[in-house]
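Good morning. Please have a look at the sequence and the model first.

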Amino acid sequence: MHTSLPDFDMPTDEQVHLAAESFRLLADPTRIKVLWALLQGESSVACLADLAGAAPTAVSQHLAKLRLAGLVKGRREGTFVYYSAADNHVRGLLAQALHHADHVDRDIPSGDHAHHPRSN
């Protein structure tokens, strides 16, 4: 039935698997905080731990998983590693998720972008 629609398109199994893995990794409040902070600019584990309200060792473990998934990247400077979001796709994912959560929480119609600071 759907295949008779002229613009019908399904993602590949690999695309679906990779998207599901990204969502699985984002299904953690600390990781969302860390990623949002990294979207503001490069940061160290200690600073991210402070911003996320988590232990540096826990943040380091989260960053390792996010790096393997291609959501963050690291830059070594001497003995320190500075992390940043991998690209603007990460911003889009988080902004949409937070925008959706805000609208669900506040019962705002989905077409109303004027009252949401992250919709830009």
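One term before we start: a residue is called exposed when its relative accessible area is over 50%, and buried when that area is under 20%. Keep in mind as well that this is a predicted model.

Now the overview. The protein has five helices and two strands. Starting at the N terminus, the order of the elements is α-α-α-α-β-β-α. Of the 120 residues in the protein, 28% are buried. Take the contacts between residues at least 6 apart in sequence: 44% of them join residues at least 24 apart.

Let me turn to α4. Which residues of α4 are buried? They are V59, H62, L63 and L66. If you look down the axis of α4, these buried residues fall within an arc of 100°, so they line one face of the helix. What do the buried residues of α4 pack against? Their partners are the helices α1, α2 and α3, together with the strands β1 and β2.

Next, one pair of helices. In general, two packed helices are described by the angle between their axes and the distance between the axes. For α3, residues 45–52, and α4, residues 56–68, the angle is about 105° and the axes are 9 Å apart. Angles from 65 to 115 degrees count as roughly perpendicular, and α3 and α4 are therefore roughly perpendicular to each other. On the α3 side, the contact is made by V45, L48 and A49, and on the α4 side by P56, V59, S60 and L63. By class, that contact has six nonpolar residues, one polar residue and no charged ones.

Buried in α1 are S22, L25 and L26. Seen down the axis of α1, they fall within an arc of 100°, so they line one face of the helix. On the other side of α1, the exposed residues are D13, H17, F23 and R24.

That is the end of my part. Thank you.

Terms used:
Residues are numbered from 1 along each chain as its sequence is written. This is a predicted model: local features need pLDDT of at least 70, side-chain atom pairs count only at pLDDT 80 or more; totals for chains, interfaces and linings use all residues. Side-chain values use heavy atoms; hydrogens and water are left out. Axes are lines fitted to C-alpha atoms, for helices over the stretch in contact, and angles run from 0 to 180 degrees between N-to-C directions. Helices (H or I, at least four residues) and strands (E, at least two) are DSSP runs, numbered from the N terminus. Angles under 35 degrees count as roughly parallel, over 145 as roughly antiparallel, 65 to 115 as roughly perpendicular and the rest as oblique. Contact means heavy atoms within 4.5 Å. Ala, Val, Leu, Ile, Met, Phe, Trp, Tyr, Cys and Pro count as nonpolar, Asp, Glu, Lys and Arg as charged, and the others, Gly among them, as polar. Buried means under 20% relative accessible area, exposed over 50%, partly exposed in between (1.4 Å probe, protein chains only). The arc is that of the directions from the helix axis to the C-beta atoms.
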